[in-house]
Amino acid sequence: MNSNSNPDIILIGAGIMSATLGSMLNQLMPSATIEIYERLNQIAQESSDAWNNAGTGHSALCELNYTPELADGTIDATKALRVAEQFELSKQYWAYLSESKLLKDPKDFISPIPHMSFVWGSENVSFLKKRYDKLQTYNLFKGMQFSDNQEQLKKWIPLIMQDRDPSQPVAATKMDIGTDVNFGSLARQMIEYLSHTAGVKLFTGQEVTNLKKQSDGSWQLKIKDLASGEIKKTTAKFVFIGAGGGALPLLEKSKIPEGKGFGGFPASGQWLRCTNPDIIKQHEAKVYGKPAVGAPPMSDPHLDTRMINGERALLFGPFAGFSSKFLKNGSYWDLPLSIKWSNLWPMIKVGLTNFALLKYLIQQIKQSPADRVNALRKFYINADGKDWELEIAGQRVQVIKKDPKKGGILQFGTEVVTSADGSISALLGASPGASTSVPIMLELIQRCFPKEFQSEAWQSKLKKMVPTFGESLEKRPDLCQQMRSWTSEALQLNREIA
């Protein structure tokens, strides 16, 4: 058993979260040594990879699940405002890295794509108009357009409006400042810059199999080389578990009190990918609809223009499935092995109280190829199944946590779990995680390095990295416009896609 050099910081997983945290800590602590361990032979191949997520720069411009309609008929925009602010912070950090020449080319990871919501039926049209009216009262959503005129919609979304019944009530909103983000490409650019930085080492094909706290407060990690079977140990003062769906088992092995009681509910995803270039050219937007009753929030159906590896693509979905794997390249034993006495009751309670979700998943699993094409035809009436093929997306592990009243709840979104001394932190959960990776990591840094975070040196550097961190763009229209203009220029978003 070999002993490796003992770095200051270890990042487990080489996806967008570790890439973001590693690049931030490198900027704040350039003398700190960092090691990144990835179990696959390539980086950002799980949830960060382009085919494994929606690629939407989630900014609440089109996602209807972020603006639920309350029992009294009013629209709750709380989450929409929060997500919109968070995505602006992410864009600022990416703009900083681009201007600092730490990222090679923003065109490889971010593209300008209109974000649209589209609904049909009188009740849904009424909902969308109420949503639009509500969002118009906020600065972050200024510039949103609404139309229920079919002639106007034919100009915005000709493919969707093709041969649609002229008597059908339809409506859409449109925001031209939307983006498509290839988080795999972004993560790879970040890690490439990090791996060429003094004091930073990247190890692929290496699986962290155990971790244990030492008497001096550091963490000892046991790491297996998956090619040779060789085992080594290394220690670090700070550990981040950013292994996507693989984070929960490692958090359980850490045995920190803060990690007890968490469980995971895995769900797989699938897309229909268009293979006809002529159809791909006819659609240029991310168009989100209303999710089915009982569907999880990340399952808003959408007809989605993507830029993947320099090529334009068109996807529809996602379609949900179930697998006991926590990672796309994981094991079917992931879910059963994650069940402990500490999380057994919360997981049972969630299973007993989420009948609508279970019914939805069963319906999704039973879908035939024809069923999927029929779902697509609600958006694109003339869809021909011959022009579309099934693409397997990534695994999502939703957070199950203890709840004093309900026993256990299924939480959609992300959860940062940090030890009391800040020496270890893990990220659990899913959407809109990647889009909000920057504010999530800023929160994590504040928790784990509280003294340094408050120092004048760090605060000054953070203001350069993320200029409006700690401020409200919603309350500062002038600052919001200034920041959006800057990020658009730095990220080359004032351009048409190919």
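Contact here means heavy atoms within 4.5 Å. Helices (H or I, at least four residues) and strands (E, at least two) are DSSP runs, numbered from the N terminus. The model is predicted: local features need pLDDT of at least 70, side-chain atom pairs count only at pLDDT 80 or more, and totals for chains, interfaces and linings use all residues. Residues are numbered from 1 along each chain as its sequence is written, and side-chain values use heavy atoms, with hydrogens and water left out.

H15 spans residues 456–465, and Trp458, Leu462 and Met465 are buried in it. Seen down the axis of H15, the buried residues fall within an arc of 60°, so they line one face of the helix. The arc is that of the directions from the helix axis to the C-beta atoms. An α-helix has 3.6 residues a turn, so residues three or four places apart point the same way. Glu456, Ala457 and Lys464 are exposed on the other side of H15. Buried means under 20% relative accessible area, exposed over 50%, and partly exposed in between (1.4 Å probe, protein chains only).

## The chain as a whole

The chain holds 16 helices and 21 strands. It has 498 residues, of which 57% count as buried. Take contacts between residues at least 6 apart in sequence: 74% of them join residues at least 24 apart.

The accessible surface comes to about 21000 Å². Carbon and sulfur atoms account for 52% of that surface. Accessible areas come from the Shrake-Rupley method with a 1.4 Å probe; for residues, only the protein chains shown count as cover.

## Salt bridges

The structure holds 21 salt bridges. Each is a side-chain nitrogen of Lys or Arg within 4 Å of a carboxyl oxygen of Asp or Glu. Glu192 pairs with Lys104, with the closest N and O atoms 3.0 Å apart. Glu192 is partly exposed, at 31% relative accessibility. Lys104 is exposed, at 64%.

Arg273 forms a salt bridge with Glu391, and the closest N and O atoms are 3.1 Å apart. This pair links distant parts of the chain, 118 residues apart: Arg273 sits in strand E14 (residues 263–274) and Glu391 in strand E18 (residues 388–403). Arg273 is partly exposed, with a relative accessible area of 23%. Glu391 counts as buried, at 18% relative accessibility. Arg476 forms a salt bridge with Asp478, the closest N and O atoms being 3.4 Å apart. Arg476 is partly exposed, with 35% relative accessible area. Salt bridges that share partners also join Asp180, Lys286, Asp304 and Arg306 into one network.

## Gln150

Gln150 is found in helix H4 (residues 150–156). It is buried, with a relative accessible area of 12%. Leaving aside neighbours within four places in sequence, Gln150 is in contact with Met161, Arg164, Asp165, Pro166, Gln168 and Val170.

Two backbone oxygens lie by polar atoms of the Gln150 side chain: that of Pro166 at 3.4 Å and that of Gln168 at 3.2 Å. A polar contact is a pair of N or O atoms within 3.5 Å; within protein, one must be able to donate a hydrogen and the other to accept it, and residues adjacent in sequence count only if both atoms are side-chain atoms.
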